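Work through the exercises below with the sequence and the 3D view side by side. Try each task before you read its solution.

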Amino acid sequence: MEQALAVRDAAMFTRSGYQRPVGKQTGGEGADRICGASGCTSGWRAPWKNRRRPIFEQEWGCSPRCLSLLVQAAVRREVGDSIQTVDVEPHRHRIPLGLVLLAQGWITHPQLQGALEAQRESGRGRIGDWLTQNCGLEEERITRGLGVQWNCPVLALDGFSPTAMALVMPKRFVAEFGLVPLRVAGSSLLYLAFQDRTNAATALGVEQMSGLRVESGLLHGSAFESARTRLLAADAVPVQMKVAGDRDGLTAGIVKALEQRQPLATRLVRVHQYYWLRMWLETGAMSGLGTLPQGPEDMEDYLFMIGPKSGS
């Protein structure tokens, strides 16, 4: 039974986007594996007696050195040519929200002018908030205007399960990037809800990690806050935060985590300044929806950042 689960999990990863290179072969959980490191000189007959763990992105390293080579390649892929601790999304010219709402006929010129003046005088607040406060404009219409502005759908809270969706990503992303994983449709499409603007970099990282196609949209204010509160109260995959001084430190930190936890499956994805390492520690940990977890047990997340360590 355990071997069958291992074969199933491997198949899920292949269908979800990580294809093994031609010539690499793997069997059930107890089968021999060919070392996946391109610089391997020892072949599969190697120091580690247990040739099924740890597995890094569907590959097995026959020695600590080979495991480090596998991780180095993934770190180069995610870091790119230079290390940036904060991502800045490229600026795209968008029609101001007030003009969008005006064009839709939902507000008048005097209402827009009054809201803009109130915003300037106070020096704070979003124009949508001032239109709601001063003109009584419904928040659903504000969200629909934002959807036009960002060219994305407006989503509904129907089908939201905080217990299931809390497993999609670390709660830190929910709090920091202003999004809520909303639901999975048809076992292949994950809806991500944002409050006032979408974030393509975050959506891409979630898509790569989950193995699901991601559709981003907006959720109106009170519904978004309700969903976020319920999700943050639900059990999530345990997460550890780590800081690495540089690229080599990041590689060493990931290798150390792999050697300590001995996972059966892993993925590494960059989401803005975070390098998100997810580990499936036992067979049967996947839910069957892409590579989403079945539950918080037998799972572990690491969030690495590159920068000065505290106290240094």
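**Exercise 1. Find the helix that crosses two strands, and describe the sheet around them.**

Step 1. Helix α10 (residues 221-232) lies across β3 and β4, running at about 85° to β3. Helices (H or I, at least four residues) and strands (E, at least two) are DSSP runs, numbered from the N terminus. Axes are lines fitted to C-alpha atoms, for helices over the stretch in contact, and angles run from 0 to 180 degrees between N-to-C directions.

Before going on, note the ground rules. This is a predicted model, in which local features need pLDDT of at least 70 and side-chain atom pairs count only at pLDDT 80 or more, while totals for chains, interfaces and linings use all residues. Residues are numbered from 1 along each chain as its sequence is written, and side-chain values use heavy atoms, with hydrogens and water left out.

Step 2. Place the strands. The open sheet has three of them, in the order β3-β4-β5, with mixed pairing. Two strands pair if DSSP finds at least two bridges between them.

Step 3. Find the edges. β3 (179-185) and β5 (213-218) each have a single partner strand, so one side of each is left without a neighbour in the sheet. On average, neighbouring strands here are turned by 25° against each other, direction ignored.

Step 4. Zoom in on one pair. β3 and β4 (residues 189-194) run antiparallel and are joined by six bridges.

**Exercise 2. Which strands does β8 pair with, and is β8 buried or exposed?**

Step 1. Start with β7. Seven bridges join β7 to β8 (residues 274-280), and the two run antiparallel. Arg-267 has Arg-278 as its bridge partner in β8. Leu-268 has Leu-277.

Step 2. Look at the turn. The β7-β8 hairpin has two residues between the strands, and His-272 takes a positive phi near 55°.

Step 3. Move to the other neighbour. β8 and β9 pair over six bridges, again in the antiparallel sense.

Step 4. Check burial. Seven of the seven residues of β8 are buried, so the strand is largely enclosed by the rest of the structure. Buried means under 20% relative accessible area, exposed over 50%, partly exposed in between (1.4 Å probe, protein chains only). Tyr-274, Trp-276, Arg-278 and Trp-280 are buried on one side, and Tyr-275, Leu-277 and Met-279 on the other.

**Exercise 3. What does the side chain of Thr-266 reach?**

Step 1. Locate Thr-266 in strand β7. Its relative accessible area is 0%, so Thr-266 is buried.

Step 2. List the polar contacts. The side chain of Thr-266 reaches the backbone oxygen of Ile-55 at 3.0 Å. The side chain also reaches the backbone nitrogen of Glu-57 at 3.0 Å. A polar contact is a pair of N or O atoms within 3.5 Å; within protein, one must be able to donate a hydrogen and the other to accept it, and residues adjacent in sequence count only if both atoms are side-chain atoms.

Key: Contact means heavy atoms within 4.5 Å.
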